[in-house]
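My notes follow the order in which I looked things up.

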Amino acid sequence: CSLGVCLSCDATCIMNNNYCYDCSLFVNHCVECNNSPFCSVCETNWYPQSGVCQNCSFWVANCDQCQNASICSICLVSYYVNALGQCDLCSSVLNNCVECLDKNQCTKCDFSSYLSGNSCLSCSSAISHCLTCANSTNCTYCQTGYYLDQSSCTLCTSPNETLHIQG
């Protein structure tokens with residue numbers, strides 16, 4: 001550029017009326033366009049497709065960060081990266097699991113379960129008549145007809161006790 005008038009632009013720009021404009025003004029998330037309206041290099045987690053930048057999840061369903069256009073490195077919450085670099089739902093391989101590191105390690109269970117090691121165990125299997133719990137000894141919500149008595153569930157024996165169902 002000389003005196004504000006350009007004869008050529010670098011790879012990150014498009015020339016228009018002898019001025020260089022950043023590629024991203026014409027194509028969202030574009031880093032390089034080589035003086036054309038078609039993007040050739042996109043921002044991180046964006047990949048060129050027919051001249052425009054597509055988000056990582058366009059290429060790999062439920063992916064948050066891609067290694068490249070076909071392999072995911074980090075999946076969205078509730079998914080894990082499988083051996084093929086695709087995202088699988090945690091609950092599809094780990095019962096009652098809502099967040100996991102991989103197909104063998106759950107990190108968060110649904111409301112009806114608690115985390116024990118790397119898997120989820122049912123609250124009702126650990127505490128009789130318990131629907132939700134913090135762990136194997138601390139119930140937080142009981143079945144109808146039972147009330148929360150400290151951390152366990154007790155049968156309601158009179159009509160007045162039904163008022164205390166959840167403490």
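I started with Cys 156, which is buried at a relative accessible area of 14%. The model is predicted. I looked for a partner and found the closest cysteine sulfur in Cys 142, 8.6 Å away.

Cys 13 came next. Its closest cysteine sulfur is in Cys 20, at 5.2 Å, again too far for a bond. Cys 13 counts as buried, with 15% relative accessibility.

I then turned to the bonded pairs; the structure holds 13 disulfides. One of them joins Cys 56 and Cys 66, with sulfur atoms 1.7 Å apart. This pair links helix α1 to strand β7, ten residues apart. The link is right-handed, with 95° about the S-S bond. Both Cys 56 and Cys 66 are buried.

Asn 45 touches this pair: I found Cys 56 and Cys 66 among its contacts, along with Asp 64 and Gln 65. Asn 45 sits in the loop between β4 and β5 and is buried at 16%.

For Cys 90 and Cys 100 I noted a sulfur distance of 2.1 Å. Their link is left-handed, at -85° about the S-S bond. Cys 90 is in the loop between β10 and β11 and Cys 100 in strand β11, so parts ten residues apart in sequence are tied together.

How values were computed: Residues numbered from 1 in each chain as written. Predicted model: local features only at pLDDT ≥ 70, side-chain atom pairs only at ≥ 80, totals over all residues. Heavy atoms only, no water. Helix = DSSP H or I, 4+ residues; strand = E, 2+ residues; numbered from the N terminus. Buried < 20%, exposed > 50% of the residue type's maximum accessible area, 1.4 Å probe, protein only. Contact = heavy atoms within 4.5 Å. Disulfide = S-S within 2.5 Å. Lists of a residue's contacts leave out its neighbours within four places in sequence.
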